[in-house]
There are 2 protein chains.
Amino acid sequence: MDRVSVERVYNFGSGPAAIPVEVLEKAKGELTNWHNAAGMSVMEMSHRGAEFTKIAADAERDLRTLLAIPGNYKVLFLQGGASMHFAAVPMNLLRGMKKADYVNTGEWSKKAIAEAKKFCEVNVVASSEDKNFTYAPKQSTWKLSADAAYVHYCSNETIGGVEFQWTPETGKVPLVSDMSSHILSRPVEVSKYGCIYAGAQKNIGPAGLVVVIVREDLIGNVLPGTPTVLDYKKMAEADSMINTPPTFAVYLAGLTFQWLLERGGLAAVEKVNVRKAKLLYDYIDSQDFYSNPIAKEDRSRMNVPFRLRDEKLDAKFLEQAEARGLSQLKGHRSVGGMRASIYNALPYEGVEALVGYMQEFARANG
Amino acid sequence: MDRVSVERVYNFGSGPAAIPVEVLEKAKGELTNWHNAAGMSVMEMSHRGAEFTKIAADAERDLRTLLAIPGNYKVLFLQGGASMHFAAVPMNLLRGMKKADYVNTGEWSKKAIAEAKKFCEVNVVASSEDKNFTYAPKQSTWKLSADAAYVHYCSNETIGGVEFQWTPETGKVPLVSDMSSHILSRPVEVSKYGCIYAGAQKNIGPAGLVVVIVREDLIGNVLPGTPTVLDYKKMAEADSMINTPPTFAVYLAGLTFQWLLERGGLAAVEKVNVRKAKLLYDYIDSQDFYSNPIAKEDRSRMNVPFRLRDEKLDAKFLEQAEARGLSQLKGHRSVGGMRASIYNALPYEGVEALVGYMQEFARANG
């Protein structure tokens, strides 16, 4: 079969990841001439002009609708990815305090902790390292500090495939979450958080954009030496436009938010995500050719790592998967094996195709 | 006339700015399926996969070719725009020293100076503020410090329209330039610089990407509290991929570099830019309905601010310009009037159309 025109694979990449084809087709249609009227691409517009100002404002409005973000939270469209904000979070949220609490559930927690240690004392309140990061530590085991500026956790570990199915309670100490790899996959009670941040390149849009949702009373007291464009308060006052924002990424994020609203919002999207994850995990649990090591109650709906019983078959599995249009299934280099990331843009039919292939491969090689 | 399909305006915006239509058409053609083969957009590819790794490596190779970058310079594709690097430059280049020299030639110099003051003593070695930033201070007037870590200047002031037509000599103290708004418009002798940085959204590609070119012996000694993703040495060691780079912006930058190479490289591109600027300045100087305040020898080839004799006509001038497809001519809010940014992607014919319109408008309203 010719691989021409819009033939598309099922893309299981962990990020940068699949973007809804409807969003890409819309962007493609107006890539040289926005709305068939501007005479230019969104990429070529002034970020301070009427058109782009509306694009950004609409994106914020739709994100607020999707997540039911309360009015006392600021929504920022910034740069640098979650990794930059591993530093920006302590820069903004220490507020004169000297200590922060962190939960350690895997690779992304560890990176956030290492970066925070540049700025303050870090108290690791709970860790799942004892079992190779295969579970989410129960709230009852957390040893919270009374004098922490905030409590940070990664609510979905992209590499390990561990997702918190519950929201921690941290009393008066603000809760901060890196939601990069499961934001917009389910409703979230934003008011339980002091700050939520997420790199765009999984469920929001292209890489290069990070969304920060922060309670307004927490910002305005940054550490000395904080770059102005990482000052959440100043950025909030400037509608994220102290400097030029990543305009094309904001535009694509806005199209993705519209796509989610058209599908009924996050409650509806969550139902599909539950079905997708159940289909894949149920199959994995039904046989012993493939396995997933994560505690069942803590399994991620978005990132499903799995291993073949015989890792010598890994290369063959990946090669035949690619030939069928099941793409980017290789696990993270730090853990090996396979990983199927099944974000919002990966349809149910994609998971069906994957499970069908896994069954066939197991029969042929089992 | 119907405004359909690829009807395009002449876009005089200062940034985000015009992108070559050939680049946009290429990106459009493969927006849902890169090379008609990947089955996905560049935006959806892993930054660590073979395809994107090659896209990024090719972009670096072509940029090295265009600017003849010596082997002892690192090329980084980072995030945050030039504004983020107003902070990252002192973070990386102070190297234990306490002072840096800055030249003040306008709005962007002032922003870089304000940010640097968070990190060190700033010695303003020369300033054109005495004449409202309408010239570039001659080298003979610069009062360089013996103990400065580096000397920083903005070699093209986007808002003021002042461009250095010569390269400062700073002896053993490394020279650092913010070249955001004229990089790739002319050849540059990179070996005269310690560091060159530039936001992409004028002559390189979409907003959200910043290119840093830095001499390798200057990096590796950052200030405490420098975010890891702003550590030039660590980023150089990781091919700018400690975290996910803004992949789509890197891809478009790469297409733009190819476009420049196809046009004969920067020596050829400079000739066109000289012709474009001459056409516009010659017209402005030939009459008194419009005026440009910049010293002739320091006028920018890229950003041409001009005023109407009667500013009450500004709104009418802009409205009729837009109606003719001459877009984004409004001057920066801090200085008013008009500004024609005539970057590489704005063709000679666009300047002809602008001058034709200016003549006609002057006749009708003079």
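Biologist: How many Å separate the centres of domain 1 and domain 2 of chain A?
Modeller: In this predicted model, the C-alpha centres of the two domains of chain A are 27 Å apart.

Biologist: And where does chain A get divided?
Modeller: Domain 1 covers 26-262, and domain 2 covers 264-365.

Biologist: OK, the interface then. How much area do they bury between them?
Modeller: About 2,100 Å², with 52% of that on carbon and sulfur atoms. On the domain 1 side, Thr134(A), Ile159(A) and Ser185(A) lose the most area to domain 2, and together they make up 23% of what that side buries.

Biologist: How many residues are in contact?
Modeller: 29 from domain 1 are in contact with 25 from domain 2.

Biologist: Switching to electrostatics: how many salt bridges go across the interface?
Modeller: The rule finds one.

Biologist: What about Lys138(A), which side chain does it meet in a salt bridge?
Modeller: Glu297(A), at 4.0 Å from N to O. The cut-off is within 4 Å.

Biologist: Which helices and strands supply the domain 1 side?
Modeller: Helix H2 (50-67), strand S6 (156-157), strand S7 (162-163) and helix H6 (247-262) of chain A each supply at least two residues of the side touching domain 2. H6(A) gives the most, with four residues.

Biologist: What's that side like by class?
Modeller: The domain 1 side has twelve nonpolar, ten polar and seven charged residues.

Technical notes
Residues are numbered from 1 along each chain as its sequence is written. Chains are lettered from A and ligands numbered from 1 in the order in which they are written. This is a predicted model: local features need pLDDT of at least 70, side-chain atom pairs count only at pLDDT 80 or more; totals for chains, interfaces and linings use all residues. Side-chain values use heavy atoms; hydrogens and water are left out. Domain bounds come from an automatic or database domain assignment. Contact means heavy atoms within 4.5 Å. Buried area is the accessible area (1.4 Å probe) that two parts lose on being put together, summed over both. Ala, Val, Leu, Ile, Met, Phe, Trp, Tyr, Cys and Pro count as nonpolar, Asp, Glu, Lys and Arg as charged, and the others, Gly among them, as polar.
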